[in-house]
Amino acid sequence: MNTTIPKLPFIIKPFLLSLLLSLTVLIFIALQTPHHRKTTPQQPNSISSKSGGGLRIRPGYSSYDEYIQRQLNKTLNPKLRQIWTTRDWERKVRVFAQFFESLKRRNLLLNSSKALSIGARVGQEVSALKSIGVNDSIGIDLVPYPPLVVKGDFHAQPFMNDTFDFEFSNVFDHALYPWKFVGEIERTLKPGGVCVVHVALSRRADKYSANDLYSVGPLVELFKDSQLVEVRKVDGFGLDTEVVFRKNKRRNI
């Protein structure tokens, strides 16, 4: 007895072909669509202060290497380095020396202080410190400029704990991770040591900045192991506010 498989009706064949084609297209689209994992950032993109204002991290960096390269684009710019080391040199050394002399008069800086300038570029701040008698001074920057400036990333300073009596920086706005920037200052500063930071509050910082600070509050909150000493207005190459901290002294056990 012959058994034959009945043929599908004419109208069903196109339907099956259409269904098969649709499934193929859907599978292809699914394979081409990227799957993103949710990630938890180390810190939020903005930090609100209990005392008002805030600190905003600028977006746009896909990696830390990209951030570093952008900073190097400025630091290695041959025209800028020529300006910094020639016609800009004397003016900046003179102004920085005035800032540091003022700190000496307020007993916040001594000739005997071991001092660090953070983000020192070609070392005008270091030269200024030495010119007023603070001879044990050094700077760090991504690009060294011997003998005044050694190579170093301010997110991970190349120094031991409790190394310096005094630290100065006017590049807080260039920190992609402000909490690391401050954490490294407090790590390398001796107990009782002084840190002075110049920041811009009244206007947006330059295009190479990685954060925008809108009040002193967030900066004070980042210095978890220090006390605020004073805040005052300055005219520091586009920066308008000087904030002074003193690291807490450890208790004797």
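I started with Y61, which is partly exposed at 21% relative accessible area. (Buried means under 20% relative accessible area, exposed over 50%, partly exposed in between, with a 1.4 Å probe and protein chains only.) Y67 counts as buried, at 2%.

Housekeeping: this is a predicted model, where local features need pLDDT of at least 70 and side-chain atom pairs count only at pLDDT 80 or more, while totals for chains, interfaces and linings use all residues. Residues are numbered from 1 along each chain as its sequence is written, and side-chain values use heavy atoms, with hydrogens and water left out.

**Rings**

I searched the whole structure for aromatic pairs and got 14. Y61 and Y67 make an edge-to-face pair, because their ring centres are 5.5 Å apart and their planes sit at 90°. (Rings of Phe, Tyr and Trp, the last by its six-membered ring, pair if their centres lie within 6.5 Å; planes under 30 degrees apart count as stacked, over 60 as edge-to-face and the rest as tilted.)

Next I looked up F223 and F245, a stacked pair with 3.8 Å centre to centre and 10° between the planes. F223 is in the loop between α7 (217–222) and β9 (226–236), and F245 is in strand β10 (residues 239–247), so this pair links distant parts of the chain, 22 residues apart. (Helices, H or I with at least four residues, and strands, E with at least two, are DSSP runs numbered from the N terminus.) F223 is buried at 2%, and F245 is buried at 1%.

I also found one aromatic cluster made of F96, F99, F100, F166, F168 and F237. K92 lies over the face of F237, 5.2 Å from the ring centre. (A charge sits over a ring if NZ of Lys or CZ of Arg is within 6 Å of the ring centre and within 35 degrees of the ring normal.)

**Charges**

How many salt bridges are there? I got eleven. (That takes a side-chain nitrogen of Lys or Arg within 4 Å of a carboxyl oxygen of Asp or Glu.) K92 turned up again, bridging to D88 at 3.5 Å, N to O; K92 and D88 are both buried.

E242 bridges to R232, with the closest N and O atoms 2.8 Å apart. E242 is in strand β10 and R232 in strand β9, so the pair ties together parts ten residues apart in sequence. E242 is buried at 1%, whereas R232 is partly exposed at 30%. Shared partners join R106, E230, R232 and E242 into one salt-bridge network.
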